[in-house]
Amino acid sequence: MNKPLVSLCIPTNGVIEWVFPVLDSIYKQGCFDDFFEVVITDNGNNKEFEKQILLYKQKHLNLHYYQTNALPFINEIESYKRARGHLIKFVNHRTLLVKGALNQLIRLVKDNFETKPIIYFANGVLQKENKIFEYNSFDDFVKNLSYWSSWSTGMTIWKEDFDKLPEDVSNFNELFPHTNVLFAERTRTRYIIDNTIIFDEMPQGKKPKGNYDLFYAFGVEYPSIILNLYRDNSITINTFKSVLNDNLNFISALYYLYFIKKEYCSYDLGGLNDMYDVFYTKQQLKKGVKSLLL
């Protein structure tokens with residue numbers, strides 16, 4: 001059997017209300033099933049979800065379903081391991097594919113099959129007029145992608161590159177394994193940030209989006225990955241400082257949402273004090289929040 005061009009990988013914990021609309025958005029794209037596959041890895045324990053996904057699978061032979069005990073974010077890596085396509089595209093189980101998105105991914109594989117540039121889909125989050133940004137160095141790629149490299153939804157990797165990674169993922173960050181994967185190839189001469197919108201995120205509602213320690217994750221764990229890039233001489237000090245500063249603005253916005261506006265949050269917010277004086281001080285955070293209110 002020929003390899004599909006694209007593997008759409010959906011790690012999930014079995015939320016029926018999210019996964020099935022996502023699947024419908026994929027199969028309504030009107031693409032030939034031979035061109036793509038869907039890989040679902042499920043670390044939940046929802047018997048009703050399992051029952052429904054097996055019924056759904058009967059209608060689509062290119063849908064593959066696996067159960068796993070992998071930790072929440074490592075589950076993403078488990079889905080990549082099972083992918084057969086030339087290009088792996090992560091699909092968050094709350095994000096619908098917009099019309100034409102799958103055809104765009106298929107064309108991307110055909111157009112870049114020989115050179116295989118590193119590609120990240122920013123999905124419109126970059127506040128810039130251009131839709132496609134190309135860089136010829138890893139340093140420029142990291143600097144311009146900034147803290148969005150922590151965001152798994154944009155993840156894209158060639159299967160050929162993924163297969164070069166060690167089978168043992170114990171050295172990957174448990175919260176940001178996708179960032180470790182994204183940063184694995186540092187010597188390419190072509191890096192692309194595609195800012196076109198290919199996903200439409202469903203409202204969270206009161207379903208828990210995550211329960212990890214939010215501020216420790218983004219205030220300590222993620223900056224540590226960027227620091228290691230600098231220590232490895234993979235990025236410059238200018239890029240390191242730039243990403244950390246942008247990330248501080250992001251953390252300040254989180255603080256504003258959850259501590260000042262007191263919006264609904266399923267994350268653990270208890271690690272705020274543990275974040276201080278590692279990469280950021282309390283004064284820096286206060287200054288960042290104040291700038292949002294001006």
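Predicted model: local features only at pLDDT ≥ 70, side-chain atom pairs only at ≥ 80, totals over all residues.
Residues are numbered from 1 along each chain as its sequence is written, and side-chain values use heavy atoms, with hydrogens and water left out.

I then followed E6 to strand E9 (residues 191–194) and found four bridges joining the two, which run parallel; strands (E, at least two residues) and helices (H or I, at least four) are DSSP runs numbered from the N terminus.

Next I checked the packing on this sheet: helix H5 (residues 138–145) touches E6, E7 and E9, and its direction makes about 20° with that of E9. Contact here means heavy atoms within 4.5 Å, and angles run from 0 to 180 degrees between N-to-C directions of axes, which are lines fitted to C-alpha atoms, for helices over the stretch in contact.

Turning to helix H2 (residues 47–57), I listed its buried residues as Phe-49, Ile-53 and Tyr-56, with buried meaning under 20% relative accessible area, exposed over 50% and partly exposed in between (1.4 Å probe, protein chains only). The face of H2 turned away from its buried side carries the exposed Lys-47 and Lys-51. Among the elements covering the buried residues of H2 I noted strand E1 (6–12) and helix H1 (16–27).

Terms used. Pairing = 2+ DSSP bridges.
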